[in-house]
Amino acid sequence: MTKKFLILLFILIPINANALIEVDITRGNLNPLPLAVSPLSIDEESRKSFEKILKKENIGSAISNIVENNLKTSGLFNPLDKKAFLQAPDIANLKPRFEDWNLIKAQALITGKVNYVDDKLRVEFRLWDVLAAKEMMALAFTTVPNNWRRVGHIISDKVYERLTGEKGYFDTRIIYVSEEGPKTQRIKKLAIMDQDGANNKFLTLGNELVLTPRFNPASQMVTYLSYFKNMPRVYLLDIETGTQEVVGDFPGMTFAPRFSPDGKKIIMSFAKDGKSDIYTMDLENRIVEKITNHPSIDTSPSYSPDGKYITFNSDRSGYQQIYVMKNDGSNVKRISFGNGLYGTPVWSPRGDLIAFTKLHKGKFYIGVMRTDGSGERLLTENYYQEAPSWSPNGRVLIFYRETKTNSKGEGFSAKLWSIDLTGYNERQIKTPTDASDPSWSSLLSN
Amino acid sequence: MRLSKILKNTLLVLTACLVLSACATKKEVATDIQGQMQGDVYTGTDTVEYLADGVPDRVFFATNESILTTASRETLRAQAAWMRKNPGINVVLEGHADERGTREYNLALGERRANAAKDYLMTYGISSDRITVLSYGKERPVDSGSNPLAWSKNRRSVTVKAN
């Protein structure tokens, strides 16, 4: 369905190694960095060519709008109003008049240029430190015109990385479950979209119930639960080809699937005789291994990024709590001891934290704790919300939340939300229908 | 300092009042729905359908539990007797949970509830070949409301004719 596009990247000038502006992303940023995103300049001939191909009046402005929106939603940057800009985009890209940008209080400036070259889109951009009056970075890309949104996301990632010192998360996609209809007969479809909500596509028709889709590390495959023929089983879907297959040959319900960090195995639960245990299946040789063996419900497994450990939830203590074990099922250790029930543990891609859903006194919380269970921090509280998924840089969580649509507690609406690890910057991600069970892809380009 | 202490005490009193009034409201609700719930297990008949005369199709559970109540066991004995009388009929036991839980755990919980019903049918002479278990977790509530009574109706195992 989506082809892997080749994006050529040139470094125009070696990146200046001097420490210039830095943004600290480890704390809630109450003072986002003021920055100016000058529209990418474009010559009239190129503008017309792209208008014809992409039906966009000015592709330079369109790309810079994507960059501006990404940086703004990160909560770390405050893109300034373009109306206040004093310097024209083409001239700014050659040599910014730093006094002008200083005057409107911009601390960083992004400029650039778009060209139509041999049926291709060529974009160059520069990041400037306004106070130091220095160029921080300059890069150029050449790609097919249809890829213009991704160019905007890649520029955003480069700027984010240069200013924060950590990888970005903008050139990514979200797979989720689209929901429609009354609660008693909900129609659910797999859907995929860009991280900013653009390019939404449905991957299944809604003929059968589907739940909990999750990407593989290469973000080309998805594992999920489908009620095809009323037999709830874990499936594998190739997003490019649309091929689907059932995972393993289990005489009962398999559910709660995720990939191992190397993408070679699927870890999931298999329910039989009132017990649910955790299993893995190797996708190459199809060998199935039983990882837990306990009369309790063991489910929602998630690997550590090095693949050596697994976190999961179990009610073996009497109630749903979070556990960590070695990848062979040995050394099972309970790590959640706070008040309430704990579920849906998911290991951070950075390895240091486990995100979870907590139920306590009729409220649902999304929170994080260290992998030994210490340092529990609740990020957000609501009537009902669950299933956090990490951004690839481990700085943002996406989850879903159901709210009542009237004061009598009737009707409901399910939406995707994101929140920073700091507990700040909570945002709804717009979807064409109601939505649940989001899963964040890895960075598509590097 | 002193002021803050006074404030703190006032707050404590206020909180206590709130807790008390919350209790009072809860009690009222409990009276309202009396006759439809015992503890938090549904005992009403609003949603119940019948497989045959005197054979209810479903049993209900307490929050996070899969233990069969006395009433549930009675229902299942009636179902077992009906199945013994109709040896050609196979059934699917559809296990469900309420919406106050995480999705994956609730899938497992629905399976556990349906299995509790299955085990009981088997002890009354029904062969496991005639029973299929299917969990819907919290995906197919019968009552879309978000209140204790609706949740109690949704925590259920429903016996459905498979043929």
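Where is A:Lys361 found? Select A:Lys361 to find out. The residue sits in the loop between strand 24 (353-360) and strand 25 (363-370) of chain A. Keep in mind throughout that this is a predicted model.

**Stop 1: A:Lys361**

Check the backbone of A:Lys361. Its phi is positive, about 45°, although the residue is not a glycine. Now look at the surroundings. A:Lys361 has 6 C-beta neighbours inside 10 Å, so it counts as exposed; the cut-off for exposed is 12 or fewer.

**Stop 2: A:Ala133**

Next, select A:Ala133. This residue also is not a glycine, and its phi is positive at about 55°. Display strand 6 (120-129) and strand 7 (134-143) of chain A: A:Ala133 lies in the loop between them. Is A:Ala133 exposed, partly exposed or buried? A:Ala133 counts as partly exposed, because it has 13 C-beta neighbours inside 10 Å. Buried would take 20 or more.

**Stop 3: A:Thr241**

Move to A:Thr241. Its place is the loop between strand 13 (233-238) and strand 14 (244-246) of chain A. With 9 other C-beta atoms within 10 Å, A:Thr241 is exposed. The line spans 33 Å. In sequence, A:Thr241 and A:Val114 are 127 residues apart.

**Stop 4: chain A as a whole**

Zoom out and show chain A as a cartoon. Its secondary structure comes to five helices and 31 strands. The radius of gyration of chain A is 23 Å, close to the 22 Å that the globule rule gives for 446 residues, so chain A is as compact as a globular protein of that length. Along the principal axes, the C-alpha atoms fill a box of roughly 70 × 50 × 45 Å.

Colour chain A by burial. Of its 446 residues, 47% are buried. Then turn to contacts between residues at least 6 apart in sequence. In chain A, 46% of these join residues at least 24 apart.

Now colour by domain. Chain A is divided into domain 1 (8-164) and domain 2 (173-440). How many Å separate the centres of domain 1 and domain 2 of chain A? Taken over C-alpha atoms, the separation is 35 Å.

**Stop 5: helix 2 of chain A**

Select residues 59-73 of chain A, which form helix 2. This helix has 15 residues. From its first C-alpha to its last it reaches 21 Å, close to the 21 Å expected at 1.5 Å a residue. Show side chains for its buried residues: A:Ile59, A:Gly60, A:Ile63, A:Ser64, A:Ile66, A:Val67, A:Glu68, A:Asn70 and A:Leu71. Step just past the end of helix 2 to A:Gly75, where phi is positive at about 80°.

**Stop 6: chain B as a whole**

Switch to chain B. It has four helices and eight strands. Trace the elements from the N terminus on; the order is α-β-β-β-β-β-α-β-α-β-α-β. Buried residues account for 39% of the 163 residues in chain B. Among contacts in chain B with a separation of 6 or more, 69% are between residues 24 or more positions apart.

**Stop 7: helix 2 of chain B**

Select residues 70-85 of chain B. This is helix 2, with 16 residues. It reaches 23 Å from its first C-alpha to its last, close to the 22 Å expected at 1.5 Å a residue.

Which residues of helix 2 of chain B are buried? They are B:Ser72, B:Thr75, B:Leu76, B:Gln79 and B:Met83.

What do the buried residues of helix 2 of chain B pack against? Their partners in chain B are strand 3 (50-52), strand 4 (55-56), strand 5 (58-60), strand 6 (91-96), helix 3 and strand 8 (156-161).

**Stop 8: where the chains meet**

Show both chains. Here 22 residues of chain B are in contact with 30 residues of chain A. On the side of chain B that touches chain A, helix 3 (103-123) and strand 7 (131-137) each supply at least two residues. Helix 3 of chain B gives the most, with ten residues. Colour this side of chain B by class to finish. It has eight nonpolar, seven polar and seven charged residues.

Definitions and conventions: Residues numbered from 1 in each chain as written. Chains lettered and ligands numbered in written order. Expected span 1.5 Å × (residues − 1). Rg over C-alpha atoms; globule rule 2.2 N^0.38 Å. Contact = placed C-beta atoms within 7 Å. Nonpolar A, V, L, I, M, F, W, Y, C, P; charged D, E, K, R; others polar. Domains from an automatic or database assignment.
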